[in-house]
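Take a moment with the sequence and the model. The paragraphs below walk from the whole chain to single side chains.

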Amino acid sequence: MMQYDLVIVGGGPAGLAAAVAAKDHGVDSILIIERDKELGGILNQCIHNGFGLHTFKEELTGPEYASRFIDQVLERGIEYKLNTMVMDISADKTVVAMNREDGMIEIKAKAIILAMGCRERSRGALNIPGYRPAGIYSAGTAQRLVNMEGYMPGKEVVILGSGDIGLIMARRMTLEGAKVKVVAELMPYSGGLKRNIVQCLDDFDIPLKLSHTVVDIEGKNRVEAVTIAEVGPDRKPIPGTEIRYTCDTLLLSCGLIPENELSKSAGVALNPITSGPIVGDNLETNIDGIFACGNVLHVHDLVDYVSQEATTAGKNAALYVQNGAAADAKTVEIVPEGGVRYTVPKFIRPTEMEDNLTVRFRVGDVYKNMAIATYYDDELINKRKRPVMAPGEMEQVILSKKKLAEYPDLTKITIRIEEV
């Protein structure tokens with residue numbers, strides 16, 4: 001059985017940043033396990049720019065952003081295994097993994113960081129009627145085919161869902177010579193960043209139809225046409241609003257789900273809203289010494305925030321390896337209300353946390369000229385006006401340790417959306 005102080009599951013942006021931070025905080029025995037043939041995760045297929053503005057103060061493509069962190073990992077001599085699939089993680093921090101060279105391996109770790117990222121919702125999870133012809137892809141699969149493998153999925157495209165990958169693929173397919181007929185979105189608002197709607201759809205005159213969904217797919221061997229219809233407030237199609245588009249390809253971009261099968265097998269408690277682990281301010285799960293960060297915890301909008309969060313996880317995992325479990329401290333729950341869907345972290349330890357802690361969350365609807373209000377028990381502490389808040393963009397509140405120290409008897413913190 002192999003032994004390491006810290007095992008990191010996933011070699012994407014979260015795993016890389018966590019490894020660098022842990023090494024810089026004094027842990028030498030680190031292993032990154034990555035199932036793909038190279039480090040970098042999903043960034044390798046994101047060849048568009050817009051990454052790294054917060055982290056490196058310049059605009060990079062996905063592979064450039066990844067390579068900066070890969071370089072840091074290599075400089076520090078951190079060990080990693082590629083083409084290696086983690087099969088199981090147990091609560092006593094034994095990792096079972098498998099690859100061609102070693103076969104089945106057991107690794108005993110003092111601490112584990114979960115950094116497996118997220119995956120796309122499949123067609124099965126969307127219940128779209130019609131046959132099962134060729135030409136239906138998730139947007140991420142299409143992105144990999146075009147950007148990494150050099151295949152063109154099709155010539156005439158309809159996209160269902162306005163998540164960021166779908167928006168970016170609308171532009172990418174257009175630049176490669178395909179005709180993107182329409183992007184249909186079930187919800188009355190887009191699921192992606194505002195800048196992607198402008199740069200990927202508006203700039204190329206691609207129509208975005210909100211409150212629309214696919215009601216029929218025609219074609220037996222290959223997609224021949226797709227029918228979309230408007231939906232009412234109950235999300236059910238309204239008869240008589242159908243529009244038929246001839247096309248040979250349907251791309252699905254209907255949301256991302258944290259990849260948490262391994263977390264479940266380890267006994268990690270998951271949040272039903274995010275589908276990711278429930279964590280405290282140090283990003284530790286309910287199981288001692290197992291931490292989580294990045295898109296496996298909750299789906300982020302910017303990779304820069306993934307790296308920031310992973311740095312925190314790496315630092316705290318290092319402290320755990322060196323000092324064992326943190327002393328029991330009083331915890332205070334953060335309660336999301338009135339439009340705030342969830343918060344990460346879910347609870348904090350006011351005496352043990354960092355001087356300033358960023359609490360990240362998403363809202364459940366589009367809000368204009370509203371405010372984010374923070375309450376300590378029933379006392380309003382902070383109210384910040386926001387011109388626009390949308391589910392596609394993450395919001396944040398910063399908690400100060402110094403301010404919290406003035407409230408020793410605090411029982412809960414509430415974050416909600418209110419009138420200004």
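What follows starts with the overall fold, then turns to a hairpin, the salt bridges and a surface patch.

This is a predicted model, in which local features need pLDDT of at least 70, side-chain atom pairs count only at pLDDT 80 or more, and totals for chains, interfaces and linings use all residues. Residues are numbered from 1 along each chain as its sequence is written, and side-chain values use heavy atoms, with hydrogens and water left out.

Begin with the whole chain. The protein chain has eight helices and 26 strands. Both are DSSP runs numbered from the N terminus: helices are H or I with at least four residues, strands are E with at least two. The C-alpha trace spans about 65 × 60 × 40 Å along its principal axes. For 420 residues, a compact globule would have a radius of gyration near 22 Å, and the protein chain agrees, with 22 Å. That radius is taken over C-alpha atoms, and the globule rule is 2.2 Å times the number of residues to the power 0.38.

Now look at the packing. Of the 420 residues, 53% are buried. Buried means under 20% relative accessible area, exposed means over 50%, and partly exposed lies in between (1.4 Å probe, protein chains only). The protein chain exposes about 18,500 Å², and carbon and sulfur atoms supply 49% of that area. Accessible areas come from the Shrake-Rupley method with a 1.4 Å probe; for residues, only the protein chains shown count as cover. Among contacts (heavy atoms within 4.5 Å) with a separation of 6 or more, 62% join residues 24 or more positions apart.

Strand β23 (residues 367-376) and strand β24 (residues 379-389) pair in the antiparallel sense over nine bridges. Two strands pair if DSSP finds at least two bridges between them. Lys368 stands opposite Val388 in β24. Two residues lie between β23 and β24, and Asp377 in the turn has a positive phi of about 55°.

Turn to the charges. Side chains of opposite charge can pair when their charged atoms come close. A salt bridge here is a side-chain nitrogen of Lys or Arg within 4 Å of a carboxyl oxygen of Asp or Glu. By this rule the count comes to 22.

Which residue meets Glu259 in a salt bridge? The partner is Arg35, at 3.7 Å from N to O. The pair links distant parts of the chain, 224 residues apart: Glu259 sits in the loop between β18 (256-258) and α6 (261-265), Arg35 in the loop between β2 (30-33) and β3 (49-51). Glu259 is buried, with a relative accessible area of 16%.

Lys81 and Asp102 meet at 3.1 Å, N to O. Lys81 lies in strand β5 (residues 79-81) and Asp102 in the loop between β7 (94-99) and β8, so this bridge ties together parts 21 residues apart in sequence. Lys81 is buried at 18% relative accessible area, while Asp102 is partly exposed at 37%.

Finish at the surface. Met85, Met87, Met98 and Met104 form a nonpolar patch with about 390 Å² of accessible area together. Patches are made of residues with over 30% relative accessible area and no salt bridge; like charges are joined within 9 Å, nonpolar side chains (Val, Leu, Ile, Met, Phe, Trp, Tyr) within 5 Å. Met104 is found in strand β8 (residues 103-114) and is exposed, with a relative accessible area of 56%.
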